Amino acid sequence: SRYQNPNRSNCTMAMAGPYICTITKNGQSACDTTWVEVYPNAVASFTTSATNVCVGSPVDFTSTFLTNPAGYSIETSEWDFGDGQTASGATQSHTFSQTGTFTVTLNVATEGGYCTDEITQTITVSEGEEIQFDPVTSCTPYTWTEGNGETYSEPGVYEVVYETQTETGCPRTEYITITISD
């Protein structure tokens, strides 16, 4: 190379070993032997147990990192959950305490930390719903079509609680007071 600080791309593990370097300047030469290490490249990846969750529900994260070439080890796996919380290790379980969209980042490094890679994934956190319907008073049987679909025909006061799920799978609780008069 004619550069002061040469850089060799596309190195392979087989290229590691001792090299004799000759430096020539103004017709003068000097030789020295140096050892060149070639480290495996880190390739970050991970899976999650869910990408849409409810506040307070744990999400499992599993690093599925690789090295190139295969067969070498990843020394560190660092997680940033995007909500101010971090962790270390190949697998993690994290619970988000607030709603929002969070960018989860995994950063991996090979032995010695020489080669690193990073990947991100988005997690959407929603909360459940509570809906209080206006009270209903009826002289005839009443069917609560917005809720549980049941018909109330016997005189009395019914405090009805109906539990379902939101589109994102979070708990949804509906309340209504139904009065059937004589």
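Mentor: Strand S2 (residues 28-36) lies largely in the open, because the number of buried residues among its nine is zero. Here buried means under 20% relative accessible area, exposed over 50%, and partly exposed in between, with a 1.4 Å probe and protein chains only. Strands (E, at least two residues) and helices (H or I, at least four) are DSSP runs numbered from the N terminus. The model is predicted: local features need pLDDT of at least 70, side-chain atom pairs count only at pLDDT 80 or more, and totals for chains, interfaces and linings use all residues. Residues are numbered from 1 along each chain as its sequence is written, and side-chain values use heavy atoms, with hydrogens and water left out.

The partner of S2 is strand S1 (residues 17-25): the two run antiparallel and are joined by nine bridges, where pairing requires that DSSP find at least two bridges between two strands. Within this pairing, cysteine 21 stands opposite aspartate 32 in S2. Two residues separate S1 and S2 in their hairpin, and asparagine 26 in the turn has a positive phi of about 55 degrees.

The structure holds ten aromatic pairs; rings of Phe, Tyr and Trp (its six-membered ring) pair if their centres lie within 6.5 Å, and planes under 30 degrees apart count as stacked, over 60 as edge-to-face and the rest as tilted. One of these pairs, tyrosine 39 with tyrosine 114, is stacked, at 4.0 Å centre to centre and 15 degrees between the planes. Tyrosine 39 lies in the loop between S2 and strand S3 (41-43) and tyrosine 114 in the loop between S11 and S12, so the pair ties together parts 75 residues apart in sequence. Tyrosine 39 is partly exposed at 28% relative accessible area, whereas tyrosine 114 is exposed at 53%.

Phenylalanine 61 and phenylalanine 81 form a tilted pair, at 5.4 Å and 50 degrees. Phenylalanine 61 is buried, with a relative accessible area of 0%, and phenylalanine 81 is buried at 2%. With Phe46 and Trp79 they form one aromatic cluster.

Phe61, Trp79 and Phe81 are also among the residues with the most contacts inside the largest nonpolar core, which has 17 residues. Such a core is a set of buried Ala, Val, Leu, Ile, Met, Phe, Trp, Tyr and Cys residues joined through side-chain atoms within 4.5 Å. Strands S6 (58-63), S8 (74-80), S11 (100-110) and S12 (116-126) each give two or more residues to this core, and S11 gives the most, with four.
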